[in-house]
Amino acid sequence: MSLPLDPAIIAPFLMAMVLVELTPGPNMGWLALVTLARGRTAGLAAVAGITVGLAAWMTAALLGLGRFVLAYPAVHEVIRWAGVGFLLWLAWEAWRGDGTADQAEPEATRRALFLRGMVGNLLNPKAAVFYVALLPTFIRPGYATPLTQALILGGLHLLIAVAVHGLVVFSAAGAGRGLTERMEGPRARAAMAAGLVLIAVWMAWQTQR
């Protein structure tokens with residue numbers, strides 16, 4: 001029975017994916033802020049949304065839609081700035097919040113964070129660049145079909161992303177137990193808003209072509 005992937009690329013691919021996910025970026029910063037402000041369960045809901053967003057970009061790339069983003073710089077810029085604007089909107093929402101978000105039903109809060117994580121990644125063109133430009137370099141002839149290889153490699157990337165993002169959430173939850181107890185509402189909202197603004201600036205810098 002033939003192997004679906006070239007065994008020689010598995011270790012380099014896994015190492016590359018770990019390094020990609022460990023690189024500080026919008027996802028890691030936002031997850032840390034959410035977890036510090038609302039706890040581990042909320043952070044894990046955000047992780048689920050981020051993962052769905054990444055999976056959507058992977059599917060789009062496999063269908064050939066991701067190349068559209070790379071082929072037309074204007075499309076890339078629209079997605080990029082929409083993502084930055086989305087983060088700035090979240091910062092404004094955090095700044096003007098009156099505590100209703102923290103008082104909302106836990107299930108509604110988790111659903112909202114799931115959707116924000118998903119939308120934030122759908123508005124991040126770096127995911128499209130990754131699946132269209134980087135993933136194909138690990139596909140080899142003589143094994144499974146390119147589509148099958150891409151699905152396996154993409155699935156491995158999603159697993160690594162979940163593991164790294166989960167680690168961020170659990171680390172922030174442990175570090176934030178004492179911090180959240182010492183912060184009052186207005187100060188917590190101001191810190192959250194400032195953090196989101198910094199993440200938006202970082203995303204604008206990181207996604208420029």
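1. The protein chain has 10 helices and 0 strands, where helices (H or I, at least four residues) and strands (E, at least two) are DSSP runs numbered from the N terminus. Read along the sequence, the pattern is α-α-α-α-α-α-α-α-α-α.

2. Please keep in mind that this is a predicted model, in which local features need pLDDT of at least 70, side-chain atom pairs count only at pLDDT 80 or more, and totals for chains, interfaces and linings use all residues. Residues are numbered from 1 along each chain as its sequence is written, and side-chain values use heavy atoms, with hydrogens and water left out.

3. Of the 209 residues in the protein chain, 39% are buried, meaning under 20% relative accessible area (1.4 Å probe, protein chains only). Among contacts with a separation of 6 or more, 85% join residues 24 or more positions apart; a contact means heavy atoms within 4.5 Å.

4. Now to helix 2 (residues 26-38). Its 13 residues should span 18 Å at 1.5 Å a residue, and its end C-alpha atoms are 18 Å apart, which agrees; the expected span is 1.5 Å times one less than the number of residues. Buried residues in helix 2 include Pro 26, Asn 27, Trp 30 and Leu 33. Gly 39 follows helix 2, with a positive phi near 100°.

5. Where does Asn 121 sit? Asn 121 is found in helix 7 (residues 106-122), and is buried, because its relative accessible area is 1%. Leaving aside neighbours within four places in sequence, Asn 121 is in contact with Asn 27, Ile 50, Gly 53, Leu 54 and Trp 57.

Definitions and conventions: Buried means under 20% relative accessible area, exposed over 50%, partly exposed in between (1.4 Å probe, protein chains only).
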